[in-house]
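I opened the model today to go through its charged pairs, its core and one stretch of sheet. My notes follow.

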Amino acid sequence: MRNDTQSKNWNQVKTNDSWAIFKIMGEFVHGYEKMSRIGPCVSIFGSARTKPDDSKYILAENIAKKITENGYGVITGGGPGIMEAGNKGAHLAGGTSVGLNITLPFEQHDNPYIDSDKSIDFDYFFVRKVMFVKYSQGFVVMPGGFGTLDEFFEALTLIQTHKIDKFPIILVDKAFWGGLWEWVTTTLLTANNNISKDDLDLVHIVDTEDEVLQVLNDFYEKSNHSPNF
């Protein structure tokens, strides 16, 4: 395979890139058609490596149950760990349980708690992230790794730059997120003035499912539940 790649000239590579556009368009169309029928949801993000007996898994499941019981749909990345916990909580509460899965060489596989008609597979991370941002009117961000940080900071950047409407970003577990947020406050804001003080207000840091629900309810009282762009 490596030799085949090396033998391709620049024009052949560019031609392959051009044809890939159609696959990307297909993922966008498929995602839009499915997600537009689901209605406003809350996304739950976090580590794929969290085990079912972990307190963070249990908390994510309880959060999903509570927000589902209050009429919200739940979207996750469709895989194991915290994603599974989110779908499980929504499923057990009888609510909408959406999974946006991504093809990866490790860790990722569909969890069994996604509604059968609401599981969507993606090859492209950027298409998948558009679906999260467009159809989520709240992010619940549990402890996670690089992927979770990527999703958190992308949502925060889009809100901070007014590319999408303001919606709540909720970091769950003060002990986990406290060090990162202290760095944001002391290094980005105070020491270097790279962000504005008002940007800090875009993020809520909580510990319990009741606090998550309160933030979401405060937002939804003012929201018209429309897509973000």
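I looked up Asp117 and found it partly exposed, at 48% relative accessibility. Lys118 counts as buried at 17%. The side chains of Asp117 and Lys118 meet in a salt bridge, 3.2 Å from N to O. For a salt bridge I required a side-chain nitrogen of Lys or Arg within 4 Å of a carboxyl oxygen of Asp or Glu.

I noted the terms of the entry: this is a predicted model, in which local features need pLDDT of at least 70 and side-chain atom pairs count only at pLDDT 80 or more, while totals for chains, interfaces and linings use all residues. Residues are numbered from 1 along each chain as its sequence is written, and side-chain values use heavy atoms, with hydrogens and water left out.

How many salt bridges does the structure hold? I have eight. In one of them, Lys23 pairs with Asp123, and the closest N and O atoms are 2.7 Å apart. This pair links distant parts of the chain, 100 residues apart: Lys23 is in helix α2 (residues 10–35), and Asp123 is in the loop between β4 (119–122) and α5 (125–135). Helices (H or I, at least four residues) and strands (E, at least two) are DSSP runs numbered from the N terminus. Lys23 is partly exposed at 44%, and so is Asp123 at 38%.

I then checked Glu61, which forms a salt bridge with Lys88 at 3.9 Å between the closest N and O atoms. Glu61 lies in helix α3 (residues 55–69) and Lys88 in helix α4 (residues 82–92), 27 residues apart. Glu61 is buried, at 11% relative accessibility.

Next I turned to the core. The largest nonpolar core has 58 residues, and Met142 and Val172 are among those with the most contacts inside it. Such a core is a set of buried Ala, Val, Leu, Ile, Met, Phe, Trp, Tyr and Cys residues joined through side-chain atoms within 4.5 Å. Beyond its neighbours within four places in sequence, Met142 is in contact (heavy atoms within 4.5 Å) with residues including Ile44, Phe45, Ile63, Val172 and Trp177.

Last, I looked at the sheet. Strands β6 (residues 169–172) and β7 (residues 203–206) run parallel and are joined by four bridges; pairing takes at least two bridges found by DSSP. Ile170 stands opposite His204 in β7.

Conventions
Buried < 20%, exposed > 50% of the residue type's maximum accessible area, 1.4 Å probe, protein only.
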